[in-house]
Amino acid sequence: MNPILTVIVMLVAIYGLISSTNIIKSVFSATMLESGLILLFLNLGTLNGGIIPIFEGVSIAIVDPIPQALMITTIVIGSTVTSLALIISIKVFHNNGSIEWKDIIS
Amino acid sequence: MNGLIPVIFMFLPIFVALIIYLVKRPFIHILVFPLQVILAVLYVLFVIDLQRFPEQNLIVFGGWDPSIAITFYIDATNLIFIGLTIFFWFIIYYYSFKSNYLEKKFFFFLTFLEGVFLAALMSNDLFNLFVYVELIALIVTLLITYKKVENALKAGVQYLLLSSVAAMFYLIGVLFLYYVFGTLNIQIIKEGMAEVIDYRIVKLAYGLMMTGFVLKGAFVPLYSWLPKAHGVAQSSISALLSGLIVKIALYLIIRIHHDMFGSPFGFNDVLLFLGFLSALVGVIFALSQKDIKQILAYHTISQVGLMLIGLSFGSGVSYIGGFFHILNHAIFKGLLFLIAGVIIKVYQTKKVNDIRGLFTVLPWTSLLLVIAMLSITGAPMLNGFVSKTMIKYAFNDNLILFTLFQLINIGTIVSFSKVALMLFGKPLAPVKVFHASLTQHIPMTLLAILSFIIGIFYQPIFQFLFSFAAYNTHVFDFLSIIDYVVYVSIGFNVYLFIIKKDFAPIKWLRQFYIQFPTVNYLMLVVLITFVLFTGVF
């Protein structure tokens, strides 16, 4: 996958963060920004023709395992943040009857 | 064994937090006191040990090669922060021990946060820093929204989303650095930084990381989450947030900007500008507020700006003054928020104009309030004065900066005149006199005494903390008392004749608020400005 495409995903997400007036849309944009980031990092860590780094003493180039380890952690954190933000926005909706940013913060 | 003490700093609070959550007995949260004692003893042991074996400052987990392992690194900077953290958490535990004794989960989150915060201070790994900072944001959100009050929920979701976006910006920067260096260890990156500092990708990474820190530290223009979040939380949590947690951004600026990148691209001037902007804007907004916790929260923005002014000099008296202000601000702002908690509980209102006659209702608390106010406005003999004098040491000859600094000081006095008027008069409505328990009075008194001690015996403390002789530095003289009296009289008159009249611009300022999408837009603007300043193109 082309790194340019992942950058486009991130730019769309940033546009979403800037333009959306709604909590749910903002949460989705933040999630999307994170997905773009994960894709970009995985892209930089891939190696065509490389193998997984679990065998010892092979002469073929191995893939750098650190980006994948890091990105799994990022996915976990991202899902936690997303779920907590969604839970709080449900509570906000029950209290206010609206999840527009301009209504909820006075 | 002694080399593993930093690991205990991280795991012991988390372990105790789990016990508090799992054991179903009342008052199990009394465990936090043995925990704090153990941490304090271990801290002293570690400091003594570190002087004998300086190589213990790097802890590598699992015996891997340091370039791929998870590592902790400890030097003088972290040690001061760790000591402050252990002390401050002790104060908060003590204060909320009785007032929150039914809320087991509250103590679970609070103790867990201590472990995570200590880990974030010690981490020597750029990615782990991201993980800890995100965890701090998550737990802080839970603590802000703990009471599930309407305003708290709104502020909480905004804080969570903004911090997570800021952390994402930081992570993109980390990714670029990993692409260049192939490692995440700060010490290793630091050694090779001088060769690659001119690479475009490093400049971009620097801009992205600094943008994240600007939001985390609530510097203008990305400040709007802080007054909401700090203003609606419980008072003990507000004290914790304003006193300590917001300073993780300053710690990161010291660690990443000064230490790892080596203050590149003339960015110290940008930070100086940012510090003055935050200090001024924070004070101006604080002038317009009428809610006591909002006033204090806006002052946090202004005081963090002052610290950034000091830190932006990179070395010398001003830098140490800025660092010292981090400790002093934790003491007096923590005290102010804790006092505000007692006052709000007695008067059942947050409006400054509805609270009168504090001296007759709560004599001891109002005495502490006077000490805290004197300290934040920079009265001689108190700790706020020492660090403020040291911050302005580097630009004593620069007329513009000096005038601006004094204006900020007078602005602080003006908005605290509003708070000071609470002390006099008679209560407007009959108050239910509630005597704050001893568990609330003792920590507050401790903080007040400490601000006196630091204000008077600052020289040995300096020698001890920074191994820096302050004897040559002229901090205290008789003229400063006269200066202070003049500033107080100016400030009080400004309050009586301008601010109290509540003109239209002041009303507009009180309503002024930057919405979430706009904050994101401003974050992008800050990013582009920073990247342009680094000279990428």
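Which residue takes a positive phi just after H6(B)? In this predicted model, in which local features need pLDDT of at least 70, side-chain atom pairs count only at pLDDT 80 or more, and totals for chains, interfaces and linings use all residues, the residue is Gly182(B), with a phi of about 75 degrees. Residues are numbered from 1 along each chain as its sequence is written, chains are lettered from A and ligands numbered from 1 in the order in which they are written, and side-chain values use heavy atoms, with hydrogens and water left out.

Helices (H or I, at least four residues) and strands (E, at least two) are DSSP runs, numbered from the N terminus.

Most residues other than glycine have a negative phi, and most peptide bonds are trans. The peptide bond from Val220(B) to Pro221(B), however, is cis, with omega near 10 degrees, and Pro221(B) is placed in the loop between helix H8 (200-216) and helix H9 (225-232). Phe265(B), a residue other than glycine, has a positive phi near 55 degrees. This phenylalanine, Phe265(B), is found in the loop between H11 and helix H12 (267-288) of chain B and is partly exposed, at a relative accessible area of 22%. Gln348(B), likewise not a glycine, has a positive phi of about 60 degrees. The loop that holds Gln348(B) runs between helix H14 (316-347) and helix H15 (358-361) of chain B, and Gln348(B) counts as exposed at 59% relative accessibility.

Side chains of opposite charge can pair when their charged atoms come close. Five salt bridges are present over all chains, a salt bridge being a side-chain nitrogen of Lys or Arg within 4 Å of a carboxyl oxygen of Asp or Glu. One of them joins Asp75(B) to Arg255(B), with an N to O distance of 3.1 Å. Distant parts of the chain are linked by this pair: Asp75(B) lies in the loop between strand S2 (71-73) and helix H3 (76-99) of chain B, whereas Arg255(B) lies in helix H11 (residues 248-260) of chain B, 180 residues apart. Both Asp75(B) and Arg255(B) are buried. A salt bridge also forms between Lys190(B) and Asp259(B), whose closest N and O atoms are 3.9 Å apart. Because Lys190(B) belongs to helix H7 (residues 186-196) of chain B and Asp259(B) to helix H11 of chain B, the pair ties together parts that are 69 residues apart in sequence. Lys190(B) is partly exposed, with a relative accessible area of 34%, as is Asp259(B), with 24%. Asp75(B), Lys190(B), Arg255(B) and Asp259(B) are linked in a network of salt bridges.

Asp49(B) and Arg52(B) meet in a salt bridge of 3.9 Å, N to O. These two residues, Asp49(B) and Arg52(B), are three residues apart in helix H2 (residues 32-52) of chain B, and are therefore separated by about one helical turn. Asp49(B) is buried, with a relative accessible area of 6%, whereas Arg52(B) counts as exposed at 56%.

A nonpolar surface patch of about 530 Å² is made by Met381(B), Ile449(B), Phe452(B), Ile453(B), Ile456(B) and Phe457(B). Patches consist of residues with over 30% relative accessible area and no salt bridge; like charges are joined within 9 Å, and nonpolar side chains (Val, Leu, Ile, Met, Phe, Trp, Tyr) within 5 Å. Accessible areas come from the Shrake-Rupley method with a 1.4 Å probe, and for residues only the protein chains shown count as cover. Phe452(B) is found in helix H19 (residues 438-456) of chain B and is partly exposed at 34%.

Chain A contains four helices and zero strands, in the order α-α-α-α from the N terminus on. Its C-alpha atoms fill a box of roughly 65 × 25 × 15 Å along the principal axes. Buried residues make up 40% of the 106 residues in chain A.

Technical notes. Buried means under 20% relative accessible area, exposed over 50%, partly exposed in between (1.4 Å probe, protein chains only).
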